[in-house]
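Hi there,

Here is the structure I promised to pass on. My notes follow it; please have a look whenever you have a moment.

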Amino acid sequence: MDSLEPDQIETLRKAFDSFDTEKAGSIGIETVSTILRMMGVKISERNLQEVIAETDEDGSGMLEFEEFVELAAKFLIEEDEESLKAELKEAFRIYDKEGNGYITTDTLKEILKELDNRLTNEELEGIIEEVDEDGSGTLDFDEFMEMMAG
């Protein structure tokens, strides 16, 4: 539950409560599947069974609210990571003007200066040295991604 924002937990609580019609404090697997589909999560029945098995700590075949939040968090966090990766890919594409699949360390310095103009040349050199492990003077997308994800 720590990995979600309070408003996300509140939204999940409302969804959970509206499907927990008997106020039993738990919902069945079919209901979980319905809620996930409503959230826009596409998951196969087999994968859903596996995820529920991991999450259903007491093995009841029903998910209590905490278990439901833990399961939903996996999908919400994954979605955030995917959108971050898409944004970084777009940023990388913009700076990789020739479409070579890499950016130069000089270009990276420009990006870093734009992000934080208080960085000194020594700090910039240190960052470049750290991310350009092979000393090629270029960064491919994976190296860029790793650096930006920190």
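**What I found**

Leaving out residues up to four places away in sequence, alanine 73 touches Ser3 and Leu4, where contact means heavy atoms within 4.5 Å. Before going on, a word on the source: this is a predicted model, in which local features need pLDDT of at least 70 and side-chain atom pairs count only at pLDDT 80 or more, while totals for chains, interfaces and linings use all residues. Residues are numbered from 1 along each chain as its sequence is written, and side-chain values use heavy atoms, with hydrogens and water left out.

Alanine 73 sits in helix α4 (residues 65-95); helices (H or I, at least four residues) and strands (E, at least two) are DSSP runs, numbered from the N terminus. With a relative accessible area of 6%, alanine 73 is buried. Here buried means under 20% relative accessible area, exposed over 50% and partly exposed in between (1.4 Å probe, protein chains only).

Serine 26 belongs to strand β1 (residues 26-28). Serine 26 counts as buried because its relative accessibility is 12%. Neighbours within four places in sequence aside, serine 26 is in contact with Phe16, Asp20, Met62, Leu63 and Glu64.

Then there is helix α2 (residues 29-38), where Val32, Ser33, Ile35 and Leu36 are buried. These residues cover an arc of only 165 degrees around the axis, so they lie on the same side of α2; the arc is that of the directions from the helix axis to the C-beta atoms. Exposed Glu30, Arg37 and Met38 are on the face of α2 turned away from its buried side. Glycine 40 follows α2 and has a positive phi, near 90 degrees.

Best wishes
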